[in-house]
4 protein chains.
Amino acid sequence: MAYRVLTRTAGSSQQQQQLKLLSDLLIRSFSSGPKNVGFIGLGNMGGPMASNLMAKGHKLHVFDISKDAKESLKAKGAVPYDNVAELAKASDFVVTMLPNNDIVADTYDTIIGGGGIKNQTIFIDSSTIDPNVAKAVQKKVKAAGATFVDAPVSGGVPGAKNATLTFMVGGTSEEYQAVKELLEGMGKKITHCGGYGMGQAAKVCNNMMLGISMCGLAECMNLAIRLGLDPKVFADIVNASTGRSWASEVNNPVPGIIPTAPAASGYAGGFATGLITKDLGIASAVATSSNSPIPLGALTHQIYRTLMAKGLANKDFSVVYDFLKNTEGK
Amino acid sequence: MAYRVLTRTAGSSQQQQQLKLLSDLLIRSFSSGPKNVGFIGLGNMGGPMASNLMAKGHKLHVFDISKDAKESLKAKGAVPYDNVAELAKASDFVVTMLPNNDIVADTYDTIIGGGGIKNQTIFIDSSTIDPNVAKAVQKKVKAAGATFVDAPVSGGVPGAKNATLTFMVGGTSEEYQAVKELLEGMGKKITHCGGYGMGQAAKVCNNMMLGISMCGLAECMNLAIRLGLDPKVFADIVNASTGRSWASEVNNPVPGIIPTAPAASGYAGGFATGLITKDLGIASAVATSSNSPIPLGALTHQIYRTLMAKGLANKDFSVVYDFLKNTEGK
Amino acid sequence: MAYRVLTRTAGSSQQQQQLKLLSDLLIRSFSSGPKNVGFIGLGNMGGPMASNLMAKGHKLHVFDISKDAKESLKAKGAVPYDNVAELAKASDFVVTMLPNNDIVADTYDTIIGGGGIKNQTIFIDSSTIDPNVAKAVQKKVKAAGATFVDAPVSGGVPGAKNATLTFMVGGTSEEYQAVKELLEGMGKKITHCGGYGMGQAAKVCNNMMLGISMCGLAECMNLAIRLGLDPKVFADIVNASTGRSWASEVNNPVPGIIPTAPAASGYAGGFATGLITKDLGIASAVATSSNSPIPLGALTHQIYRTLMAKGLANKDFSVVYDFLKNTEGK
Amino acid sequence: MAYRVLTRTAGSSQQQQQLKLLSDLLIRSFSSGPKNVGFIGLGNMGGPMASNLMAKGHKLHVFDISKDAKESLKAKGAVPYDNVAELAKASDFVVTMLPNNDIVADTYDTIIGGGGIKNQTIFIDSSTIDPNVAKAVQKKVKAAGATFVDAPVSGGVPGAKNATLTFMVGGTSEEYQAVKELLEGMGKKITHCGGYGMGQAAKVCNNMMLGISMCGLAECMNLAIRLGLDPKVFADIVNASTGRSWASEVNNPVPGIIPTAPAASGYAGGFATGLITKDLGIASAVATSSNSPIPLGALTHQIYRTLMAKGLANKDFSVVYDFLKNTEGK
């Protein structure tokens with residue numbers, strides 16, 4: 001359908017050329033069958049994601065700064081690379097799953113500088129980074145002649161392992177269609193959030209809300225308990241009232257309320273304090289660059305920053321309840 | 001069932017006496033039929049609540065400092081009083097629906113001082129006040145020989161008019177049973193929150209969470225929009241993700257997203273900024289008296305306090321979005 | 001001069017009577033010489049304050065709930081009492097130095113109820129309490145026929161011992177004159193802050209600023225150090241710049257910068273976290289009752305509330321630096 | 001003295017070479033007399049600074065994107081340039097005074113890329129930017145063979161005009177000595193803050209403290225006034241107490257207290273809200289990159305961000321008092 005709309009509206013020679021490129025994209029991606037997929041960044045998330053793509057029959061071309069990580073994928077049939085530009089040249093799609101702004105920017109500079117860009121390649125960055133960096137990388141990749149979309153994920157390591165991640169895609173509608181099938185090999189919900197950078201923007205804004213909800217809930221639960229309320233009774237009241245949220249329903253931070261929540265097992269597993277803090281740092285940065293006031297978001301950031309300072313980086317972010325409650329008698 | 005449990009466990013003479021009193025309570029309340037119900041405080045909430053009780057067949061004995069408010073109920077068949085102690089003497093149940101701590105405390109002092117307490121009367125305070133004040137009033141009423149429960153409401157003026165309020169009851173299980181049927185004449189959900197003051201505690205803690213959720217959502221929506229996201233698209237993403245809350249699903253503060261939300265009509269109606277600010281003030285007070293840290297709750301309180309200073313007391317509390325967003329160009 | 005102004009303006013019989021009372025106050029207080037001084041509350045502050053008054057030649061009448069505290073003063077020549085009304089009857093001045101709102105209010109109720117009020121007595125409350133409670137007690141004492149001023153102190157235990165406290169007095173100009181000489185027996189700076197309650201208001205507002213300064217400074221010092229600045233060099237820059245404050249000049253929270261500061265000795269001594277937290281609690285309460293937004297004051301309150309929850313109540317309030325800095329590697 | 005220390009410690013050939021370079025720096029800068037000084041950025045600050053250098057007898061080589069700004073300096077005898085690399089080649093010293101991180105970084109890239117670096121040139125960046133960006137630029141300039149120090153200023157436009165600025169210098173002791181005399185032509189206090197980036201670090205940390213002090217003071221003054229205190233009386237109490245700060249002594253935000261403060265003239269002049277907000281944005285960024293919790297700093301940032309959203313960018317930052325106080329009756 002998108003194709004027909006384009007056909008009707010395209011007129012000029014330049015538009016025709018773009019149309020050709022997009023229809024190629026569509027044909028390529030719609031034609032099912034194994035692809036050559038490059039994968040850069042094979043950590044706790046990237047490793048299982050790459051494995052899931054291999055399980056779908058794709059041919060994987062992989063890179064990581066850790067030799068062990070590459071060897072692990074090679075043992076499953078992937079081709080390891082020492083050079084990301086060479087990896088890119090061999091690939092129809094390239095997925096990058098990297099720790100931060102600078103590493104993402106450097107990696108794409110290295111690919112472009114090394115001549116790794118082909119017209120047909122679609123680059124998908126699933127790292128969580130500043131939307132402005134995503135936009136800048138998209139411009140460079142486009143200027144070099146290829147396609148780039150941002151597609152950060154939620155769902156954590158379990159989602160990566162079980163191919164149940166949510167992907168938040170920023171790019172044109174055609175580009176979204178072009179990557180959807182591939183991403184379905186690693187996740188179960190592929191959302192189109194808007195133009196370039198909007199996948200990152202959606203993730204950072206949602207996660208800022210999540211952090212605020214969790215800190216707020218931790219305060220409320222602690223206050224309720226100190227006022228004499230039974231935690232389970234109060235949790236039920238909140239969940240049936242205007243105070244309810246994903247956090248209250250799924251990840252109540254008080255031990256003993258939700259058996260499957262990290263609070264039940266010493267705040268192990270779950271969504272690490274280190275990761276929500278990173279996301280809140282990105283939120284602070286983009287709020288500054290867009291002149292947007294975020295009083296609660298900024299305070300939540302600082303609270304998690306303090307938790308980090310206390311050595312809680314690897315605990316589930318619901319550990320903020322444990323941090324706020326009295327460690328000494330009332 | 002509660003009755004049998006009591007029979008089995010009660011032994012001493014004092015317990016026998018208490019048991020007798022409770023069983024009287026149960027019999028009285030379980031025996032359906034019209035009661036003499038006193039109602040003190042006939043404002044925007046209390047007026048329709050009293051009317052609903054009359055519609056259920058109860059005989060109403062009413063007081064308000066406004067003569068007009070009393071006349072309005074008298075016209076519907078209620079008996080107006082100038083003296084709250086006399087009103088109490090004539091009543092099986094007394095419901096109080098008053099603006100703040102001091103007025104509630106003074107009213108009960110006046111009733112007790114005026115000899116208005118009878119053993120059989122059950123006092124129900126549906127005002128929103130400090131749980132500690134509720135506990136103190138309960139003690140005085142009990143010392144004077146009668147029964148008192150706190151039962152604040154949520155649902156606002158529409159809930160009061162349509163008898164769809166939620167009541168959060170603090171008192172013993174027997175007292176909860178004794179008031180449930182009467183309250184069902186004014187609401188559709190009657191929750192037992194725990195002992196004395198726990199109705200107030202539950203309300204204030206839930207509403208603190210609500211205020212935090214709304215402020216946080218307002219920030220996130222504003223940031224998302226300034227980053228380039230389409231508000232409806234982002235709202236859908238949040239509602240399908242970990243950032244969702246009652247606020248995001250029912251009362252999104254951005255005009256145009258939820259047609260029934262106050263944002264769609266200039267933030268008219270809904271839950272007034274003045275009321276959430278009052279509730280957050282109570283939350284701050286009880287957090288102080290219980291030594292409980294509430295960083296986000298306190299900041300939310302101050303944000304709403306600033307909105308009050310800007311003359312927004314009567315707007316729905318989602319107006320915080322309008323307050324935070326840029327009034328001048330990006 | 002105040003006397004002549006009053007003579008000129010006083011006309012009615014009631015004014016004449018008030019004038020007589022005030023001139024009596026002035027005469028009494030200006031006539032130097034030993035007085036009978038009641039002192040209620042003989043703790044860490046009140047004990048040395050009472051001793052200092054005895055050293056000035058006054059006759060002390062003392063009460064405390066601790067028998068030991070009374071005995072200690074008795075050993076120095078004071079008359080101990082079991083009944084505060086009797087104590088008041090024997091006194092020209094009564095100083096109260098008590099822990100909180102409720103104990104102050106109860107104490108004055110007991111004095112009034114016990115017939116302890118004489119026209120000539122001047123009550124001075126040096127406790128730190130809510131200005132509104134001070135105003136309410138003043139009204140009751142006045143209605144019972146005597147004089148009451150609020151006169152909270154700063155300077156801590158060392159100031160109490162060395163008679164170098166600052167007193168912040170709330171009352172009329174005449175009342176201020178009437179208490180000044182007595183207070184000079186316990187302090188070196190007696191400030192008239194305004195009408196009833198204004199001594200308390202001045203103290204709570206100043207201390208809120210102090211708390212904000214200290215928390216802010218702790219953050220800035222920590223950030224500066226983590227950015228690579230030498231703490232002493234940066235402290236000097238701040239003190240020569242727009243960032244300077246009493247906290248930066250006198251009580252820098254980083255160990256090693258000011259040898260006399262509590263930071264140099266494990267945050268022992270100084271102004272306890274428990275006390276600044278109490279003052280910030282009063283600030284929050286009066287901000288709520290006066291509808292005044294205090295975003296930084298409220299957050300500072302919550303930060304100190306969190307320190308309390310971590311068991312730091314007895315450490316100097318500059319320990320917030322230790323709380324915020326990383327306990328684990330950078 | 002620094003020279004002799006170096007002589008004694010230097011041994012290797014590389015050290016000898018560095019020593020030669022540094023002694024050249026010292027000789028060059030200590031030999032008084034007119035220099036060729038490049039100046040890039042001739043705005044409200046840079047324009048008068050460049051004029052002051054000309055008044056000291058230096059030969060100025062100037063650049064700005066505004067032709068008018070260049071013409072204005074040309075009229076006073078400066079040589080205008082279209083190319084910053086050419087400007088640098090003609091200069092012994094180059095001062096840059098630019099709006100933000102990106103423009104500073106781009107300008108130095110252009111100078112280096114255009115072959116504008118000579119061994120003998122000393123670059124001084126007086127812009128206010130992220131210390132990490134300053135460090136990165138220093139590395140690039142050093143790698144290209146020249147010297148770079150960061151030297152942001154405080155004192156505002158009046159300080160720029162009257163040559164009374166404070167310079168906060170980040171660099172080695174020798175480099176500090178090498179730039180001191182030149183900077184004294186534009187300011188009266190030249191502070192050595194530490195190594196590369198430490199001038200920027202000191203400025204941003206001091207200004208974060210300044211912002212916190214001002215917001216806190218605005219809250220305290222407003223609260224004091226609403227509690228009934230006379231603003232002047234309370235201001236005097238604070239200035240004689242533990243709540244005092246530069247803000248309370250020099251720039252009280254309440255109109256009528258300090259005749260020379262911006263509050264006395266509608267918050268005109270002074271230190272613009274837009275500038276403190278920019279500095280707080282840098283503080284937030286470096287706090288994030290250094291994992292430092294700054295709860296009050298972050299909240300102050302958001303408060304000023306909200307003022308920006310309300311169109312107050314050009315008012316003195318003490319306008320936060322006007323923002324917080326009630327615009328409607330109490």
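Analyst: A polar contact is a pair of N or O atoms within 3.5 Å; within protein, one must be able to donate a hydrogen and the other to accept it, and residues adjacent in sequence count only if both atoms are side-chain atoms. This is a predicted model, where local features need pLDDT of at least 70, side-chain atom pairs need 80 or more, totals for chains, interfaces and linings use all residues, and side-chain values use heavy atoms, without hydrogens and water. Residues count from 1 along each chain as written, with chains lettered from A and ligands numbered from 1 in written order.

User: How many residue pairs between chain A and chain B are in polar contact?

Analyst: 18, with both residues at pLDDT 80 or more. On chain A's side, α10(A) gives the most, 22 residues.

User: Why is the pair Arg244(A) and Glu249(B) called a salt bridge?

Analyst: Their side chains meet N to O at 2.6 Å.

User: What makes up the area buried between the chains?

Analyst: About 4900 Å² is buried between chain A and chain B, and carbon and sulfur atoms give 67% of that. Buried area is the accessible area (1.4 Å probe) both parts lose on being put together, summed over both.

User: How many residues does each chain bring to the contact?

Analyst: Chain A brings 59 residues and chain B brings 59, where contact means heavy atoms within 4.5 Å.

How values were computed. Buried area is the accessible area (1.4 Å probe) that two parts lose on being put together, summed over both. A salt bridge is a side-chain nitrogen of Lys or Arg within 4 Å of a carboxyl oxygen of Asp or Glu. Helices (H or I, at least four residues) and strands (E, at least two) are DSSP runs, numbered from the N terminus.
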